[in-house]
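Dear colleague,

I am passing this structure on to you, with notes on what was found in it below. Please read them alongside the coordinates.

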Number of protein chains: 2
Amino acid sequence: MENLDNRVRYTKMVLQQALLKILQSKHIDKVTIKELCEEAKVNRGTFYLHYSTPNDLLIEIEQQFIDENMAYFSPYFHQGYETSQLAGMFTCILKNKEICRIIMGKNGNPRFLQRLQEMIRKGVVDGWCKEFPKYSRTDLDYVFDFIFAGSMRLILNWIEDGGSLSTAELANRLDRLGHYCHMAISEFLKLK
Amino acid sequence: MENLDNRVRYTKMVLQQALLKILQSKHIDKVTIKELCEEAKVNRGTFYLHYSTPNDLLIEIEQQFIDENMAYFSPYFHQGYETSQLAGMFTCILKNKEICRIIMGKNGNPRFLQRLQEMIRKGVVDGWCKEFPKYSRTDLDYVFDFIFAGSMRLILNWIEDGGSLSTAELANRLDRLGHYCHMAISEFLKLK
DNA sequence: AAAGAAAATCAACACGGTGATTAAAAAATA
DNA sequence: TATTTTTTAATCACCGTGTTGATTTTCTTT
C-alpha cells in the first residue's frame, strides 16, 4: 500500500471509505459495484482494475485493520490473567469501536470474526494446556470456543447498542466473566 | 398449511425441499429464484404467486420448524436445573440435526437464531431473577447472552463437524458447561 | 357429470447490474 | 518533453428480475 502510485492509493482509499459508509446500512452481500463506485465517485471500470467484488474490497479493509493492530493480538502484548490475548483483543476493539461495528457487526462478513478467533486461540489454549496438563487440546478448544463466542456476543451487543454502558464498565464485566468462566471451566474439566 | 389446495401444498413442499437442498452448499443471499425453481421443477411465475424472495421461503421453513417443535421451547417442557428451556432447545436441535445444520448454520439467516434466543430468554431469566433477586434483569440478560452464544457455538461446531462426538457426549458437555457456568455466574453476580 | 373457480404454466417484455472491451484523457515518471 | 501508467467514458452481450396476459390443468360446487 505504501509504495503505490498516488492515483492508485487515492482510488483504493475512496473505495474503502465508500464501502464502509454503505455498510452502515446494508449487508455486504447486497452491495452492488455500481452503487459503490457512484458513492466513491470512481469509474466502474476502475474498480475492476483492483478488485472483482465488493467482498474483495472488504477483505482488504479487514487485512489492513489486522496489520495496523497486530500488536494487540500478539501473545505477550499484555500481561494479565490467563486469557491475556483475549484482553488484548478487547482493548483493540474498544479503541476502534466505529470500524469494528461495521466489519464485525451484522453487515460485515463473519469470516473476519472467525479469523480473529483463530489468531487468538493458539496463545490462549497454549497457556491452558500448561495449566491443565491432564486435558486434551480438543477439550480446551471447546472451552475456548465457548468463552470466545460468549464474550464476542457481549461486545457486539454493546457495540450495536451505541454504547450505553461505559467502556470501563464493559471491560470490567468481560474481565470478571472471563475470570469466573475460567474458574468454572476448571471445575468442568475436573469432572471428566 | 393444512387447509390448502393440494396444488398449493405441493408447490410449497417442493420449493421448500429445493431450497433446503441448495442451502447445503450456498448462502441464502446467493440463491437465485431461477435456480430455485429449476431445482423444484416449478415455473418461475408460480414462485411469485407465493413468495417474493428466497428469504421469504426460508422464513416459512423456520416458522414451520418452530410450530412443529413448540413443545420443546415452552417454559416447563423439561424439569431439570434452572436453564430447563435451554436444555429443551438443545434436545430439539439434537433431534433435528440435519435441518438445524441448514437453517442455523453458516448458509442460513442469523435471524432464526436470534428469534430462538428471544423465545428462550424470558423463561430462563425469569428463573434467575427469583434466584438472584439482588440483580437487575439487565445484568442477568447479559449473562444469558453470554451462555446462549457460547452454547450455540459449541452446538454449531458439532453440527458442522458432522458429529464426531456422540450425541450423548455433547449433551453431557453442554449440561456440565451450563451447570458450572451457572455456578460461575453466581460468583460473578456476588462480586457486584 | 358439468360448470365455475383457483392455480400453474408459458412466452414475452422492459429493466438493471455484470463483466469485459475499447479509445481517449489525465497523471506520474524518466 | 517523451513515455508509461492509470483513469475515464462509452459500448457490448449476458443474466436474473419482476410483471403481464393468455392458456391449460386441477380442484370444488352444484
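**How the two chains are related**

Chain B superposes on chain A through a rotation of 180° with 0.1 Å of shift along its axis, at an RMSD of 0.1 Å, where the superposition is by least squares on the C-alpha atoms of residues with pLDDT of at least 70 in both copies. This is the relation of a two-fold axis, and in chain B the C-alpha of B:Gly150 is the nearest to that axis, at 2.3 Å. Because 100% of the interface residues of chain B are also interface residues in chain A, the copies meet through the same surface.

The model is predicted, so that local features need pLDDT of at least 70 and side-chain atom pairs count only at pLDDT 80 or more, whereas totals for chains, interfaces and linings use all residues. Residues are numbered from 1 along each chain as its sequence is written, while chains are lettered from A and ligands numbered from 1 in the order in which they are written.

**The DNA strands**

Around DNA strand C there are 18 residues, of which A:Thr32, B:Thr11, B:Asn43, B:Gly45 and B:Thr46 come nearest; a residue is near a strand if its C-beta atom, placed from the backbone, lies within 6 Å of it. At least two residues of this surface come from each of α1 (6–22), α2 (33–40) and α3 (44–50) of chain A, and likewise from each of α1 (6–22) and α3 (44–50) of chain B, helices being DSSP runs (H or I, at least four residues) numbered from the N terminus. By class, the surface near DNA strand C has five nonpolar, eight polar and five charged residues, with Ala, Val, Leu, Ile, Met, Phe, Trp, Tyr, Cys and Pro counted as nonpolar, Asp, Glu, Lys and Arg as charged, and the others, Gly among them, as polar.

DNA strand D has 17 residues around it, and A:Thr11, A:Asn43, A:Thr46, B:Thr32 and B:Ile33 come nearest. Two or more residues of that surface are given by each of α1 and α3 of chain A and α1, α2 (33–40) and α3 of chain B, and its residues divide into five nonpolar, seven polar and five charged.

**Domains of chain A**

An automatic or database domain assignment divides chain A into domain 1 (6–61) and domain 2 (69–190). Their contact takes nine residues from domain 1 and five residues from domain 2, two residues being in contact if their C-beta atoms, placed from the backbone, lie within 7 Å.

Best regards
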